[in-house]
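Hi there,

Here is the structure I promised to pass on to you. Have a look at it first, and then read my notes below.

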Amino acid sequence: MSSFDTDRSPTLRELYTLFIPLAFSGAFFPVARPVINAALARTESPELALAAYGVALSVAMPLVSPLFGLRQIITALCVDRDMIGRLARLVWYMGGGATLVLLVLSIPSVYVWVTDRVLGIPEEISRLGPPAMLLLATSPLLLIGRGYYQSILVRYGNANPIGVGAFGYLMGCSVVVFAAVLWFHLPGAVAAALALLGGNVVYLLIVWPPTRPMYVGDPPRIPLRDDSFAPEKRSTRYVLSFYHPLAASMVLAAGVEPVVQGAMAHSPDVRSSLAAYAVCVSIVWLARTNLWNTQQVVIARVKGQASYVVVRRFVTSLGLGTTVLMAIVLVPAVGEVVFGGLSGLEGQVKEYARHGFAILLIVPFLQGWRSLYYGTLVAMGDTSGIRTAAVARVVMLLAALGAGVLHDGWAGIYVATGATLLAELTEVGALHISVRRVLAAAPADA
């Protein structure tokens, strides 16, 4: 039996051993977005390409993002083959439903109505989105598939294929997007969406095969049925009740992303702000994804108060280290390389991207705390606080966006990044209160 299956508190060494493959995933996976942005910056109309792709992605994310929460649920509940089968049926149904909705959104008249008429995105940007949305409609099933197999690998202590899969994802995205832009001269947003499709296929093909040997052997790594697992937890009703606060959190977080785009559309320097926002957010995600991945480690290892203290120390060290590395980009010479040389930006867009990045500098550090609290609530079986924190985040975001737009003097990039930072702080604070309450009622572990 591997160390993560025991009830004792983990050591930092055990946590880092489990996390390192996920760290490789966190390093390779988010790099794909800046690479895609760099390719779009080399199209004939880079601002339009970046803005169109950013808008299409923000419209798709409210439907795709709830599926991310399934990764945590599967990690917590895939105790045997019976539960894995039950979870598989549920997640494929949900992925198929999201795909159908995205296909409807890819209809040009529907897409233009949503982005132009509802969100106020300029028509020159909106009309470039439908073909990209058609390709993005493949994302739910591919994302849910790779998350499903990744969760099984983490639960049963074989996280190495995850790092390899993320590297394959990066290579797939990079080859496809540059080929689409430089050789086939496809529209920027279409090239970016096609790159995501290619990368997700590669990732899925890498993480799926290593799960197969876990079902064989004497005894098999994954048991047929774990009798110690409460029968009532095997019902679809229980899984959905456990999952829906996470889904609500994801929907609320992603659902307001189009509102962020709309706020920028009603602020000065619309095109430059939309393009710069897409770039600076992608670089911030490059740093925060590692910390987002720690949720699965937290879920697998937090059993009570003692183990929580050890895991908290582990996550804090990751957050501080990531923040220090990110701060290097604030050095003018380094920032010039990142935003000018690598991202291919120029003029006002480059300056806006640098300023937006500076405002969001501590977001990855906040993500570390968010992952700690989020994972702890899942591990302790009380996810209601996640939904409460998400509501608080949305309220703060909408209030800050409204205040920024009414100010009528700030460029859209400052309105969007300032509101995002305030929303992150609000959510982490609310999660902290919920975790203190849950841990106070939890038994001490060894």
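**What I found**

The protein has a mean pLDDT of 84, and 96% of its residues reach 70 or more; pLDDT is the predictor's confidence in each residue, from 0 to 100. This is a predicted model, in which local features need pLDDT of at least 70 and side-chain atom pairs count only at pLDDT 80 or more, while totals for chains, interfaces and linings use all residues. Residues are numbered from 1 along each chain as its sequence is written, and side-chain values use heavy atoms, with hydrogens and water left out.

**Confidence along the chain**

Confidence is lowest in α1, at a mean of 74, and highest in helix α8 (residues 130–136), at 94. Helices here are DSSP runs (H or I, at least four residues), numbered from the N terminus. Over residues 1–7 the pLDDT stays under 50, and the model has 14 contacts for them beyond four places in sequence. A contact means heavy atoms within 4.5 Å. Where pLDDT is low, the predicted coordinates should not be read in detail.

**A patch on the surface**

Leu-12, Tyr-16, Ile-20 and Phe-24 make up a nonpolar surface patch, and together they have about 330 Å² of accessible area. Such a patch joins nonpolar side chains (Val, Leu, Ile, Met, Phe, Trp, Tyr) within 5 Å, or like charges within 9 Å, using residues with over 30% relative accessible area and no salt bridge. The areas come from the Shrake-Rupley method with a 1.4 Å probe, and for residues only the protein chains shown count as cover. Phe-24 belongs to helix α1 (residues 12–28) and is partly exposed, at a relative accessible area of 44%. Buried means under 20% relative accessible area, exposed means over 50%, and partly exposed is in between (1.4 Å probe, protein chains only).

**Salt bridges**

How many salt bridges does the structure hold? There are 13, each one a side-chain nitrogen of Lys or Arg within 4 Å of a carboxyl oxygen of Asp or Glu. Side chains of opposite charge can pair when their charged atoms come close.

One of the salt bridges joins the side chains of Arg-234 and Asp-80, at 2.7 Å from N to O. This pair links distant parts of the chain, 154 residues apart: Arg-234 is in the loop between α11 (188–207) and α12 (236–255), and Asp-80 is in the loop between α4 (69–77) and α5 (81–105). Arg-234 is buried, with a relative accessible area of 4%, and Asp-80 is buried too, at 0%. A network of salt bridges links Asp-80, Asp-82, Arg-86, Arg-225 and Arg-234.

Glu-336 and Arg-354 also meet through their side chains in a salt bridge (3.5 Å, N to O). Glu-336 lies in helix α16 (residues 332–342) and Arg-354 in helix α17 (residues 347–359), so the pair ties together parts that are 18 residues apart in sequence. Glu-336 is partly exposed, at 35% relative accessible area.

Arg-370 and Glu-427 form a salt bridge as well, at 3.3 Å from N to O. Here Arg-370 is in helix α18 (residues 363–379) and Glu-427 in helix α20 (residues 412–440), distant parts of the chain that are 57 residues apart. Arg-370 is buried, at 7% relative accessible area, and Glu-427 counts as buried at 1%.

**Inside the protein**

Helix α19 (residues 384–407) has 24 residues and spans 35 Å from its first C-alpha to its last, close to the 34 Å expected at 1.5 Å a residue. That expected span is 1.5 Å times one less than the number of residues. Among the buried residues of α19 are Gly-385, Ala-389 and Leu-397. Asp-408 follows α19 and has a positive phi, near 60°.

Val-435 is part of helix α20 and is buried, at 2% relative accessibility. Its contacts, leaving aside neighbours within four places in sequence, are Tyr-308, Tyr-373, Thr-376 and Leu-377.

Beyond four places in sequence, Ser-273 is in contact with residues including Met-264, Tyr-352 and Gly-412.

Best wishes

Note on methods. Helices (H or I, at least four residues) and strands (E, at least two) are DSSP runs, numbered from the N terminus.
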